[in-house]
Amino acid sequence: MTKDGAFKNVNSSEVIIKVSNGFDSDTKRRETNSYLTFDSVEDVKEVSLRPTYKAQPSNLVVKEETELVEDDFDSFEDEEISLKPKVKKRNAITDKKINDMQNEFFGRTIHHKILKKITDPRVTTVEHAKQIQDFDYPMSLEMYEVIISTKDKVTKDFGIKKLKNPTFKKKHQYKLDEEINQKREMKEKNQMIFDLKDKTITMYIEGEESKVIDVEYLYDLYSNRLMYKENDSYYTSTCKMSTMLEQSGYIKITEKN
């Protein structure tokens with residue numbers, strides 16, 4: 001946008017507040033405006049209420065000083081000091097926050113620059129760029145799959161570098177691994193349901209009558225390593241099934257009659 005457009009947007013914003021600092025008669029110039037964030041309301045109030053004595057003509061101040069007797073000089077000095085504006089100094093953290101907001105607003109952050117270099121059509125936002133490149137930022141399963149499958153060298157290089165980084169591994173790898181495993185398990189389960197939808201699944205337990213089970217129950221046994229797949233139509237337990245089943249057993253899969 002144009003410079004005028006930028007100022008118009010900032011001045012009408014509810015999260016960035018303009019504070020007019022007025023005219024300084026000592027330096028004969030208008031002071032630079034300050035801009036504070038919405039969470040610095042106290043700062044805005046204090047700045048807006050500061051005394052306007054500096055805007056008075058300098059000769060009035062001189063006249064008052066010539067009428068003072070020497071004994072009153074100390075008390076006058078104390079009074080003059082008390083008139084100084086009590087404006088909270090912006091610390092380095094506040095300055096950085098304002099600077100970061102400006103950079104974010106105008107698209108000047110490192111993630112904006114990285115986003116411009118990426119050509120994969122699935123990477124469209126600064127959020128996506130952070131997930132792909134920032135070591136301190138989590139990575140979603142969606143962006144992980146982009147990195148694995150992308151043909152864009154920039155995306156691939158940034159993503160692989162992040163996945164190998166110790167900081168990312170320590171802070172966020174476990175969460176990504178959970179999502180990867182959940183999707184893998186869901187894919188396996190759905191595949192099993194599809195493959196066995198027209199099959200009869202019969203479980204044989206030592207010392208008990210056989211019974212027909214559904215595919216979801218079979219998947220639970222299989223995923224918890226209580227049954228092991230021998231082939232497409234036969235599952236077996238190679239040891240005593242201590243939690244869900246007390247005896248050894250096997251499962252046979254046949255065509256529905």
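Hi everyone, and thanks for having me. One thing before we start: what you see on the screen is a predicted model.

Let's begin with the overall picture. The protein has 257 residues, and 26% of them count as buried. Its secondary structure comes to 12 helices and 9 strands. If you take the contacts with a separation of 6 or more, 49% of them are between residues 24 or more positions apart.

Now please turn to the sheet. In what order do its 5 strands run? Going across, the order is E6-E5-E9-E8-E7, and the sheet is open, with antiparallel pairing. At the edges sit strand E6, residues 211-213, and strand E7, residues 228-231, and each of these pairs on one side only. From one strand to the next, the twist averages 30°.

There is a helix to look at here as well. Helix H12, residues 215-223, packs on this sheet and touches E5, E6, E7, E8 and E9. Its direction makes about 50° with that of E5.

Let's stay with E5 for a moment and look at its partners. Strand E5, residues 199-205, pairs with strand E9, residues 249-255, in the antiparallel sense over 7 bridges.

Next stop, helix H6, residues 110-117. Which of its residues are buried? They are His-111, His-112, Ile-114 and Leu-115. These four cover an arc of only 160° around the axis, so they lie on the same side of H6. On the other side of H6, Ile-110, Lys-113, Lys-116 and Lys-117 are exposed.

So what does H6 pack against? Helix H7, residues 126-133, packs with H6 at an angle of about 90°, and the axes are 9 Å apart. Because of that angle, H6 counts as roughly perpendicular to H7. The residues that meet are His-111, His-112, Ile-114 and Leu-115 from H6, and Val-126, Ala-129, Lys-130 and Gln-133 from H7. Sorted by class, this contact has 4 nonpolar, 3 polar and 1 charged residues.

Is Thr-236 buried or exposed? It is buried, because its relative accessible area is 12%, and the cut-off for buried is under 20%. Leaving aside residues up to four places away in sequence, Thr-236 touches Met-227, Tyr-228, Glu-230, Gly-249 and Tyr-250.

Technical notes
Residues numbered from 1 in each chain as written. Predicted model: local features only at pLDDT ≥ 70, side-chain atom pairs only at ≥ 80, totals over all residues. Heavy atoms only, no water. Buried < 20%, exposed > 50% of the residue type's maximum accessible area, 1.4 Å probe, protein only. Contact = heavy atoms within 4.5 Å. Pairing = 2+ DSSP bridges. Helix = DSSP H or I, 4+ residues; strand = E, 2+ residues; numbered from the N terminus. Axes fitted to C-alpha atoms, helices over the stretch in contact; angles between N-to-C directions. Arc of directions from axis to C-beta. Parallel < 35°, antiparallel > 145°, perpendicular 65-115°, else oblique. Nonpolar A, V, L, I, M, F, W, Y, C, P; charged D, E, K, R; others polar.
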